[in-house]
Amino acid sequence: MFSQLQHPPADPILGLSVKFKADSNPNKIDLGPGIYKDEAGHTPVLACVKIAEDFRVKNEASKAYLGSAGSASFNEKIAQLILGDHRVIAENRVRTVSTPGGTGALRIAAELINRSKPGATIWVSDPTWANHQGVFKAAGLTVKTYPYYDYANKSLNFDGMIEALKQIPKGDAVLLHACCHNPSGMDLNPEQWQQVADLSRDVGFTPVLDIAYQGFGQGLEVDAFGLRLMADTVEQMIICSSCSKNFGLYRDRIGACSIIGKSVIAADIIAAVMLNVVRVNYSMPPAHGAALVETILSSQELTNQWHAELKEMRDRIAAMRQLLVEKLLENGVTRDFSFIARQNGMFSFLGIDTEQIQRLQDEYSIYVVGSSRISVAGLATSNIDYLTQSIAKVL
Ligand code: LMR
């Protein structure tokens, strides 16, 4: 049965964590996976999550199945978090299912597209999250790319993006990062979002919005601006969201796949197919993380606490972006890295070559994804000198 199997290549992001854990250098720095870390290099359980967990232990009355959509109350609250008070909610055109993390949401979205149009093409930004292509192809989709990042100028290649989007055949899907673009940290501004949304309506491609870092860029509302603008402009879209980062619920695996239908009836049909996709995949989503988010978002006090904790994470990352730029200069690096301070969310490309990335790993135990993507959340005032001195040496 298994004799034909070959070892797959190591995952470019998760494979790095394995190497990092095995490294005995006390100065080692993990700039790999997008996991928030505090100044001490620790990924804390948020205090509001701890309170919600205590509440759940004391009050959970049953472990009976919740159904393929998961908790209706969680789904409603997540739709509100993403869409705010957008009219599509009042028009009853939004349907949400809880999923095992944001990756689960992407897989459900991909299978939904594939049910509607087998082998359909989804366009992803070049570059994009290292797992997007794999998830979409595994669901049967064809994946193509549109230009996004200008590596030479460390900026957005917006003209290239627009030219490519204009050529997309009607009925294809286009994946867009709602905020905190992973891996480049370059986001669209409001005017650019409007242009992309207008193109989606006029060209007729279906937008799939991936919002995995809401609250890590400029704040919960600003980070959802482009997504909401898209919902103003097009009749139907898919939204894949995650509670891994903003609620720190990484291993509890909770996210959501939401669709906006053209009408109430259309939304009902899409939702029914989505539920069937879930049923034949994993039947029902895990409930724990959803229950915690539901508890937090049901209490004004816990919501306020969550906002404050989220702000603390966001502010620390922004401060680390500034500090990295300053310390590189201080350590004699003449190359311009100021773009890092202008980017958003957890990630930026250092823009160094493969050999330099390998030297950082082999000689200094600094772990950077092979594309030169760094997770800024891995920086701290305690490791910034070692990091910037090491970068100065390999440069
Ligand atoms: C990342 O991009 O590092 C995170 O989304 C973690 C992952 O699953 O790859």
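Start by selecting Asn92, which sits in the loop between helix H4 (87-90) and E2. Helices here are DSSP runs of H or I with at least four residues, strands are runs of E with at least two, and both are numbered from the N terminus. Asn92 has a phi near 60°, a positive value in a residue other than glycine. Is Asn92 buried or exposed, or something in between? At 40% relative accessibility, Asn92 counts as partly exposed. The cut-offs are these: buried is under 20% relative accessible area, exposed is over 50%, and partly exposed is in between, using a 1.4 Å probe and protein chains only.

A quick word on what is on screen. This is a predicted model, in which local features need pLDDT of at least 70 and side-chain atom pairs count only at pLDDT 80 or more, while totals for chains, interfaces and linings use all residues. Residues are numbered from 1 along each chain as its sequence is written, and side-chain values use heavy atoms, with hydrogens and water left out.

**Next stop: the sheet**

Now color the strands. Seven of them make an open sheet with mixed pairing, in the order E2-E10-E9-E8-E7-E3-E4. Two strands count as paired if DSSP finds at least two bridges between them. At the edges you'll find strand E2 (94-99) and strand E4 (142-147), each pairing on one side only. From one strand to the next, the twist averages 25°.

Zoom in on strand E3 (residues 121-126). Five of its six residues are buried, so E3 is largely enclosed by the rest of the structure. E3 runs parallel to E4, and six bridges join the two. To see one of the pairings, pick Val124: its bridge partner in E4 is Thr145. Follow the chain from E3 through helix H6 (residues 132-138) to E4, and you trace a right-handed β-α-β crossover. Right-handed means that, with the strands pointing away from you, the path from the first strand over the helix to the second runs clockwise.

Look at the other pairing of E3 too: two bridges join E3 to E7, and these strands run parallel. Which residue of E7 is the bridge partner of Ile122? Click on Ala173. Then step on from strand E7 (residues 173-177) to strand E8 (residues 206-211), a parallel pair joined by five bridges. Here Leu176 has Leu209 in E8 as its bridge partner.

**Helices to show**

H3 lies across E2, E8, strand E9 (237-242) and strand E10 (255-260), running at about 115° to E2. Angles run from 0 to 180 degrees between N-to-C directions, and axes are lines fitted to C-alpha atoms, for helices over the stretch in contact.

Next, select helix H8 (residues 190-204) together with helix H10 (residues 225-233). They pack at an angle of about 35°, with their axes 9 Å apart. On the H8 side, the residues making the contact include Trp193 and Arg201, and on the H10 side they include Phe225 and Met230. Contact means heavy atoms within 4.5 Å.

**Loops with a twist in the backbone**

Select Pro127 in the loop between E3 and H6. A cis peptide bond joins Asp126 to Pro127, with omega about 5°. For another cis bond, go to Asn182 and Pro183, where omega is near 25°. Pro183 is in the loop between E7 and H8.

Then hop to Lys154, in the loop between strand E5 (149-150) and strand E6 (155-156). Lys154 is not a glycine, yet its phi is positive, at about 50°. With 19% relative accessibility, Lys154 counts as buried.

Pick Ser348 in strand E11 (residues 347-349). Ser348 counts as buried, at 0% relative accessibility. Its side chain makes a polar contact with the side chain of Gln343 (2.5 Å). A polar contact is a pair of N or O atoms within 3.5 Å; within protein, one must be able to donate a hydrogen and the other to accept it, and residues adjacent in sequence count only if both atoms are side-chain atoms. Leaving aside neighbours within four places in sequence, Ser348 is in contact with residues including Pro183, Arg321 and Ile374.

Finish at Gln358, in helix H15 (residues 354-364). At 37% relative accessibility, Gln358 counts as partly exposed.
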